[in-house]
Amino acid sequence: MSALLTVDKISSGYGDIPVLRDVSLQVGSNEIVSVVGANGAGKTTLLRSIAGLLPCTRGTIQFDGRRIDGLPAHQVVVRGLVMVPEGGRLFPFMSVQENLELGAFNGSARPQLQATLEEVFNLFPILASRRGQLAGSLSGGERQMCAIARAVMSQPKLLMLDEPSLGLSPLMVERMFEIIAALAHSKRIAVLLVEQNVGDALEMAHRGYVVERGQIVKTGSGPDLLADPEVQQAYLGL
Ligand SMILES: Nc1ncnc2c1ncn2[C@@H]1O[C@H](COP(=O)(O)OP(=O)(O)OP(=O)(O)O)[C@@H](O)[C@H]1O
Ligand SMILES: [Mg+2]
């Protein structure tokens, strides 16, 4: 099987400061993959490197049969690889609907804007009822949903989510993960999820990777990693 995303031994960092070293991972079509690790482990750096927002100093990235390392970020988006940054980064003084429409700016998504908007409002009914409201006045959970929905508007093949559960109540966290799983299933979108919330993230994932100090130290199926004594001790407080 050729994976949808293949990251092969990439290194990257900020200026002279190396952060990622020799990181390799894969995401298959329709697969949900979680990358978990502590604060500062390099999770956001990994997503930014894949998204083309941070150059790789070594290694290669293949997406959907083509090399994407070295491409500018907007060209990566056009190919169907979209990142939802931590906190969502909506435009606060624009309405929910205007934010969503901006997600469909690229050439192939634009003609289907109306149809995708309907679909997104069906997936996220709360956004339909708040379509005219300023994005800046949404609750934390609604804002996160709006950010994910905006990414869906671009018709991605792979969605990369940076800490979608951050700042949400336990109940809302559970709901958020359910929504992501349902979205992946119904739209046949692959998901690469980055989380400090190790338990929930591994529970919903087909496979996972554990990152420590810029390197992948463990990988396996979601259930196997959850049952791993080292993972339990380091991340689940067991
Ligand atoms: N713009 C930057 N300039 C310099 N160093 C940075 C920059 N952004 C991140 N770093 C450093 O890179 C390392 C990895 O940071 P990163 O944000 O990738 O971690 P993370 O795993 O996403 O952490 P968190 O769970 O807190 O979001 C950290 O040591 C951090 O201080
Ligand atoms: Mg981060």
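Modeller: What follows takes the terms in turn, each with its definition.
This is a predicted model, in which local features need pLDDT of at least 70 and side-chain atom pairs count only at pLDDT 80 or more, while totals for chains, interfaces and linings use all residues. Residues are numbered from 1 along each chain as its sequence is written, and chains are lettered from A and ligands numbered from 1 in the order in which they are written.

Colleague: What makes strand 7 mostly covered?

Modeller: A residue is buried if 20 or more other C-beta atoms, placed from the backbone, lie within 10 Å of its own, exposed if 12 or fewer, and partly exposed in between; in strand 7 (158-162), 5 of its 5 residues are buried. Strands here are DSSP runs of E with at least two residues, and helices are runs of H or I with at least four, both numbered from the N terminus.

Colleague: How do you know that both faces of strand 7 are covered?

Modeller: In a regular strand the side chains alternate between the two faces of the sheet. Leu-158, Met-160 and Asp-162 lie on one side, Leu-159 and Leu-161 on the other, and all are buried.

Colleague: Why are strand 6 and strand 7 said to be joined?

Modeller: Two strands pair if DSSP finds at least two bridges between them, and 4 bridges join strand 6 (residues 81-84) to strand 7, the two running parallel; Val-84 has Leu-161 as its bridge partner in strand 7. Strand 7 is also joined to strand 8 (residues 190-195) by 5 bridges, again in parallel, with Leu-158 opposite Ala-190.

Colleague: How many residues of domain 1 are in contact with domain 2?

Modeller: Contact requires C-beta atoms, placed from the backbone, within 7 Å of each other, and by that criterion 14 residues of domain 1 are in contact with 12 residues of domain 2. Helix 7 gives the most to the domain 1 side, with 5 residues.

Methods
Contact = placed C-beta atoms within 7 Å.
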